[in-house]
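Q: I would like to learn how to read salt bridges and helix faces. Can we work through them on the structure shown here?

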Amino acid sequence: FDLLKVDEWPIVALKVHCLVFEFGEDAALDELLAAISVRPDVESVQALNYFDVRGTHEASNNDPYSHLQHNHDSLDIRRAHTWSTGDGVDVTIIDTGADFRHPDLKAQIKDRQDFVGLRGGTFDQDAHGTAIAGIIAAEPDNGVGIVGIAPAVRLRILKACWYDASATAAVCDSFTLAKALAHAIDADTNIINLSLGGPSDALLSRLVSA
């Protein structure tokens, strides 16, 4: 089989070294996977899967759009904030990037990493990840935007998704999501948020379990 290595990196949490290959159009995927799987130096092999980001519907205070956050009323978030706002908790968002200069988020975003590269563009254009970060941690009572469920958490933004050619939807794949999940595990984060959906994926399932 004619294979082209795209990338490789160690996944410490699973004690494996991961490699990603492209193959020619004349190769049958099932035959290729079967041939690779019998090699003694191969622990597992799978096709690359693709995923779509999900759920940007948002959920009161002097923030101009807080009245649209009806989930805050149903969850009684105002009263919950008298008990906890998430202080001291690390939350990792694996998604598109997020606008780390946004006035509702710049104090909460403590770290960001890009696992997409040239396909991804700049973080300030990443609407989906910015919306998810805002739902989780937007700063309250600053006269801007919305109110986060846990506005005192520390956010780590891991960019593993990018916008398709139409720029209307964001997509991710097994490769970028696995790199981001491995990074989050190594960072010993408290919570990982993945607002996306797609097919069953063996490697990602193992990382989520880890």
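**Salt bridges and a helix face**

A: Start with one pair. Arg79 and Asp76 join their side chains in a salt bridge, with N and O 2.7 Å apart. Keep in mind that this is a predicted model.

Q: Why can such side chains pair?
A: Side chains of opposite charge can pair when their charged atoms come close. Here Arg79 is exposed, at 58% relative accessible area. Asp76 is partly exposed, at 31%.

Q: How many salt bridges does a search of the whole structure find?
A: Nine. Among them is the pair of Arg156 and Asp111, at 3.4 Å from N to O.

Q: Which parts does the pair of Arg156 and Asp111 tie together?
A: Look at where each residue sits. Arg156 belongs to strand β6 (residues 154–159) and Asp111 to strand β5 (residues 109–114), so the pair ties together parts 45 residues apart in sequence.

Q: Is Arg156 buried or exposed?
A: Buried means under 20% relative accessible area. Arg156 has 15%, so it is buried.

Q: Where do Asp173 and Arg119 lie?
A: These two also form a salt bridge, their closest N and O atoms being 3.7 Å apart. Asp173 is in strand β8 (residues 170–173). Arg119 is in the loop between β5 and α4 (127–137). The pair links distant parts of the chain, 54 residues apart. Asp173 is buried, with a relative accessible area of 2%. Arg119 is partly exposed, at 42%.

Q: Now the helix. Which residues of α6 are buried?
A: First the general idea. An α-helix has 3.6 residues a turn, so residues three or four places apart point the same way. In α6 (residues 202–209), the buried residues include Leu203, Leu204 and Leu207. Viewed down the axis of α6, its buried residues fall within an arc of 95 degrees, so they line one face of the helix.

Q: What does the face of α6 turned away from its buried side carry?
A: That face carries the exposed residues Val208 and Ser209.

Q: What does a side-chain oxygen of Asp201 reach at the start of α6?
A: The backbone nitrogen of Leu203, to within 3.2 Å. Leu203 is also one of the buried residues of α6.

Definitions and conventions. Residues are numbered from 1 along each chain as its sequence is written. This is a predicted model: local features need pLDDT of at least 70, side-chain atom pairs count only at pLDDT 80 or more; totals for chains, interfaces and linings use all residues. Side-chain values use heavy atoms; hydrogens and water are left out. Buried means under 20% relative accessible area, exposed over 50%, partly exposed in between (1.4 Å probe, protein chains only). Helices (H or I, at least four residues) and strands (E, at least two) are DSSP runs, numbered from the N terminus. The arc is that of the directions from the helix axis to the C-beta atoms. A polar contact is a pair of N or O atoms within 3.5 Å; within protein, one must be able to donate a hydrogen and the other to accept it, and residues adjacent in sequence count only if both atoms are side-chain atoms. A salt bridge is a side-chain nitrogen of Lys or Arg within 4 Å of a carboxyl oxygen of Asp or Glu.
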